[in-house]
Amino acid sequence: MNGQEAGSATVTVAGVSLTQTPVTPLQVLGVIIAMLGLVWNVYAVITRNRHNKFVREQAKKARK
């Protein structure tokens, strides 16, 4: 078995074990909240960078 076959076998075993494990609605909610948190953090970083750039440009215009 080469590396690629071993990798796909691992993924298959992980998928089968995940589907065989009962998942509670609370776990699903936790995963959804975690995903929303990740998306929010990415959004916050992007908007912060845009805001900082805007403030720098305004300061540069004010100095001219």
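Isoleucine 32 counts as partly exposed because its relative accessibility is 42%, where buried means under 20% relative accessible area, exposed over 50%, and partly exposed in between (1.4 Å probe, protein chains only). Patches are made of residues with over 30% relative accessible area and no salt bridge, with nonpolar side chains joined within 5 Å and like charges within 9 Å; a salt bridge is a side-chain nitrogen of Lys or Arg within 4 Å of a carboxyl oxygen of Asp or Glu.

The model is predicted, with local features needing pLDDT of at least 70 and side-chain atom pairs pLDDT 80 or more, while totals for chains, interfaces and linings use all residues. Residues are numbered from 1 along each chain as its sequence is written, and side-chain values use heavy atoms, leaving out hydrogens and water.

The protein chain has 2 helices and 0 strands, taken as DSSP runs of at least four residues (H or I) and at least two (E), respectively. Of its 64 residues, 0% are buried, and the chain exposes about 6100 Å², of which carbon and sulfur atoms supply 68%.

A positive surface patch is formed by Lys53, Arg56, Lys60, Lys61, Arg63 and Lys64. Within helix α2, arginine 56 counts as exposed at 55% relative accessibility.

The whole structure holds 1 aromatic pair. The ring centres of tryptophan 40 and tyrosine 43 lie 5.4 Å apart with planes at 40 degrees, so the pair is tilted; rings pair if their centres lie within 6.5 Å, and planes under 30 degrees apart count as stacked, over 60 as edge-to-face and the rest as tilted. Both residues lie in helix α2, 3 residues apart, about one turn of the helix.

| Residue | Relative accessible area | Class |
|---|---|---|
| Tryptophan 40 | 56% | exposed |
| Tyrosine 43 | 46% | partly exposed |

Terms used
Areas by Shrake-Rupley, 256 points an atom, 1.4 Å probe, with all protein chains shown as cover. Lys, Arg positive; Asp, Glu negative; His and termini not counted. Charge placed at Lys NZ, Arg CZ, Asp CG, Glu CD. Phe/Tyr/Trp six-rings, centres within 6.5 Å; stacked < 30°, edge-to-face > 60°.
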